[in-house]
Structure formats: C-alpha cells, structure tokens
Amino acid sequence: MYQRIKNGLFYPKQLAESYKKGIIGFLIFLIMLASLPTLLYICVNGIFTYEDVRNVKRIFAEEEVLEYRIENHQFIGNNATVKNKYIILEEETLGIVFVNDTNDSISVNEKMVIVLEQDGVYLSMPLVAGATIKLADYGSLPDIDFSNAKDFTNNDFWNVIFGYVDDVLKANWYFVYPGYIIAVVIQMAISILLGIGSTTLILLLFDRTPGVKFGEVFKNSTAAYLPFVITLILSYAFNIQFLQFIGNIISFIYAMIAHNIYRRIKYKEINNHE
C-alpha cells in the first residue's frame, strides 16, 4: 500500500504495473480517505453544515408566512386555515414537512426528511427506517412560532431552532448517525467511481492498441486518482474549491502517463508472442 501511495503521488510511470495486482483495497482506501473530512465534521459539529443552515433559512424565507407554532409540546396551527393540509419545503438534501390534523399521504424525495406532526417529529434518514421523536420527551423545549421563520436575520428564533434540532439529533445518535455516515460513504463511492470510469472511457476512446482491456485501464486510472482525493481534502480544509479542479487535472495526466506505459507493455507482449 505504501508503495502504491508513493507512486500515486510522485511516480505516475510506475502505476502501469498496478493493473497486474488487485486494487480493490486501494479503491476502498480512496473512498474512505475522501469521506474523512465530512465524517470528521459530522463527529465534531453534527450533521448540519453551515451550508445546510443557509439552505434551511433560504427555503423558509422564500415561503409565505407559516402559521404554525409549538406550544406546550404540541405542534398546532395559529388559525383554522392551516388545518387539514400540509406544507412541504424542499431543497436538494433536505425536506421539511409541516402537518396539522390531516390524514393525507405525504410523498417526498429520498433525502433527510423532517416531518412536524401534532405531538412529535418524524425523522427519516437515507438507508434508515424512520422514527418518531416525541416533543414531550424534551421538557426544556421552548414555545416556537414558525411565523418568525421568514426573517432570515432573526437570530433568536434560529438559534432556538437549530439548538433544539442539534439536541434531538445527538440524543438519537444511534438512529441518525449510522445511516448518515453510510449515505456519505456511498455518495463518495459513486462520485469516485464515476470519475475513474469517465477517465477510463476517455482513454479507451482514443486507443486502438490490441489487447487493451477495460478492467486493466480502470485499475490504472484508479491508481492515478490519489492526487484528486488529496486535493479534495485540502479544498475542504482551506475552503478552496478550485483545488478539486487542479487535482482532477493532475489525476487525468497521471492516468494518461500510466496508460501510455501500459500500452508499451501490451505492444511488447504482442511482439514476444510473434
């Protein structure tokens, strides 16, 4: 593994030999390494990132005034107009549903979903069965008027909201965190596999070398993907997204170098058989 990491960072010409060896372990290493910044953030700061907080505030600000409140551990409507209906607020990774005295079925996309019901909060996570958290279980829960949610700058309101959400998530960590961590790793695995697969297809598209196989080129591309993962981590650490683009370019160049060496190996094998 050490030699593969060293070659992946500094000696791309040595990567051409990697197709002869199993690389599944190295691919898993790349996925876990790329997932590490997000997993560390979750462990230290909780599931909600600063971007999530901004997105939640934004979707509330774009809605009409929400006539709901939590009072004495009950979720109720401020007036009769909100009864027998529900409101869904959605963004890319989060759905928030307000329900008040309705039996209608509620459909939302596959994402983290928070449903406010009369006596509790229904929480659904990717890959995890949903669970209802009773409002009465939190004796310190203050009264909350969601008509204040439209004010993006109302820090008193938002501090109460996110403080409560954070307490709920931490108290139910055994339900929340495993599913979320699995979802993060799967999402990163798909992203990395798509990147490696795209590089492999591009290299094969312009290659007419006899005997070249997709699996072998894919392994070479995997071995060359380490610079991208390193720059991905640095982009999170220093909040410089452009580093990911640089890492992608470096990894593609490394893959091209390794592929050219691999082609020479295949030509040599063909000549030795003649």
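## Surface patch, buried serine and a pocket

Phe242 is exposed, with a relative accessible area of 52%. Exposed means over 50%, buried under 20%, with a 1.4 Å probe and protein chains only. The model is predicted: local features need pLDDT of at least 70, side-chain atom pairs count only at pLDDT 80 or more, and totals for chains, interfaces and linings use all residues. Numbering runs from 1 along each chain as its sequence is written, and side-chain values use heavy atoms, without hydrogens and water.

Phe242 sits in helix H8. A nonpolar surface patch of about 880 Å² includes Phe242, Phe238, Phe245 and Ile253. Patch residues have over 30% relative accessible area and no salt bridge; nonpolar side chains are joined within 5 Å. Helices H7 (226-238) and H8 (242-273) each give two or more residues to the patch. H8 supplies the largest share, six residues.

Ser35 lies in helix H2 (residues 24-45). Ser35 is buried, at 0% relative accessible area. Leaving out residues up to four places away in sequence, Ser35 touches Val184, Val185 and Met188; contact means heavy atoms within 4.5 Å.

| Residue | Relative accessible area |
|---|---|
| Phe242 | 52% |
| Ser35 | 0% |

The second largest pocket holds about 240 Å³ of space. Of its 14 lining residues, the closest to the centre are Asn45, Phe48, Val53, Phe162 and Asp166. A pocket is an open set of points on a 1 Å grid, where a 1.4 Å probe fits, with protein on both sides within 12 Å along at least five of seven lines; lining residues have an atom within 4 Å of a point. H4 gives the largest share of this lining, five residues.

Key: Patches are made of residues with over 30% relative accessible area and no salt bridge: like charges are joined within 9 Å, nonpolar side chains (Val, Leu, Ile, Met, Phe, Trp, Tyr) within 5 Å. Accessible areas come from the Shrake-Rupley method with a 1.4 Å probe; for residues, only the protein chains shown count as cover. A salt bridge is a side-chain nitrogen of Lys or Arg within 4 Å of a carboxyl oxygen of Asp or Glu. Helices (H or I, at least four residues) and strands (E, at least two) are DSSP runs, numbered from the N terminus. Grid points are joined across faces, edges and corners, and a volume is the space filled by probe spheres set on the points.
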